[in-house]
Amino acid sequence: LKALREEMERRMREERDREEKQQQEITMRQERRKQELQERESKQMVSREAGPRGGAMVARPKRKMPEVLTLENLRAYALGLLEDGELDEAEAALRRVLLVDPDDARTLFALGELMQDVREDNIEAQDFYERAVESQPDYLPALKRLAWLHTQRRFDTNEYGAYEEALQQRRDQGAEDCYRKAVKACPHDPDVLCGFGSFL
């Protein structure tokens with residue numbers, strides 16, 4: 001019995017260490033992405049270009065709405081705003097794209113990233129990632145993010161603030177399903193393989 005108890009304690013310590021390491025990796029990825037977006041926004045606010053008179057500085061013009069509003073143009077405009085760091089305008093434009101095509105996986109993924117990395121709203125982010133995967137089951141970026149998010153939220157409490165083992169099991173299963181689909185879609189992706197290995 002003593003040996004069995006020691007073995008169980010050892011396994012529990014290893015599980016805790018693995019979960020802490022995985023959580024640190026997820027947090028670092030989120031912080032890097034958030035910092036990148038904030039830096040882009042900051043650069044957009046102070047962006048200047050050299051003017052015609054030897055160093056005179058002029059503000060760079062903002063991105064303009066395309067004159068021809070096709071789905072592709074509107075999506076490119078929205079993603080361009082996101083790249084420029086115009087986050088509020090980008091979110092509004094991305095949501096307009098979904099009014100035209102509610103199942104556009106790339107737009108759903110971009111909104112998921114925005115919700116997770118900038119708004120810090122994991123619940124809405126998960127919803128966007130899940131919709132992206134439903135629309136395009138082999139969409140690798142959404143599969144990876146969704147797997148990480150399931151893993152990150154595995155110990156979240158329920159709506160009443162209580163821990164539920166069944167809820168953790170569902171999230172574990174969700175993470176495993178996403179990782180397996182991601183491996184199938186891209187068997188040699190190092191992020192997928194590393195994440196899946198840590199999860200297992």
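This is a predicted model: local features need pLDDT of at least 70, side-chain atom pairs count only at pLDDT 80 or more; totals for chains, interfaces and linings use all residues.

Student: Why is the pair of phenylalanine 109 and tyrosine 139 called edge-to-face?

Tutor: Their planes stand at 80° and their centres are 5.9 Å apart. Centres within 6.5 Å make a pair, and planes over 60 degrees apart count as edge-to-face, so that's the label this pair gets.

Student: What does the pair tie together?

Tutor: Phenylalanine 109 is in helix 4, while tyrosine 139 sits in the loop between helix 5 (122-135) and helix 6, so parts 30 residues apart in sequence are tied together. Phe109 and Tyr139 also form one aromatic cluster with Tyr129.

Student: What makes tyrosine 179 and phenylalanine 196 a stacked pair?

Tutor: Here the planes are at 15° and the centres 5.4 Å apart. The cut-off for stacked is under 30 degrees, so this pair is stacked. Tyrosine 179 belongs to helix 7 (residues 165-185) and phenylalanine 196 to helix 8, so the two join parts 17 residues apart in sequence.

Student: How do you know that tyrosine 179 is buried?

Tutor: Buried means under 20% relative accessible area. Tyrosine 179 has 2%, so it counts as buried. Phenylalanine 196, at 11%, counts as buried too.

Student: Let's move on to charges. Why do glutamate 113 and arginine 145 count as a salt bridge?

Tutor: Their closest N and O atoms are 3.4 Å apart, and the rule asks for within 4 Å, so the pair qualifies. The two residues are 32 apart in the chain, with glutamate 113 in helix 4 (residues 105-118) and arginine 145 in helix 6.

Student: Is glutamate 113 buried or exposed, and what about arginine 145?

Tutor: Glutamate 113 has a relative accessible area of 13%, so it is buried. Arginine 145 has 11%, so it is buried as well.

Student: What makes aspartate 191 and lysine 144 a salt bridge?

Tutor: The closest N and O atoms are 3.8 Å apart, and that is within 4 Å. Aspartate 191 is in helix 8 (residues 190-199) and lysine 144 in helix 6, so the bridge ties together parts 47 residues apart in sequence.

Student: Which label does aspartate 191 get for its accessibility, and why?

Tutor: Its relative accessibility is 35%, so it counts as partly exposed; that label covers values between 20% and 50%. Lysine 144 is at 15%, so it counts as buried.

Student: Where do glutamate 91 and arginine 95 lie?

Tutor: Both are in helix 3 (residues 87-100), four residues apart, or about one turn of the helix.

Student: Last one: what makes helix 6 mostly covered?

Tutor: Twelve of its 13 residues are buried, including Leu140, Trp148 and His150. Helix 6 runs over residues 140-152 and reaches 18 Å from its first C-alpha to its last, close to the 18 Å expected.

Terms used
Residues are numbered from 1 along each chain as its sequence is written. Side-chain values use heavy atoms; hydrogens and water are left out. The expected span of a helix is 1.5 Å times one less than its number of residues. Buried means under 20% relative accessible area, exposed over 50%, partly exposed in between (1.4 Å probe, protein chains only). A salt bridge is a side-chain nitrogen of Lys or Arg within 4 Å of a carboxyl oxygen of Asp or Glu. Rings of Phe, Tyr and Trp (its six-membered ring) pair if their centres lie within 6.5 Å; planes under 30 degrees apart count as stacked, over 60 as edge-to-face and the rest as tilted.
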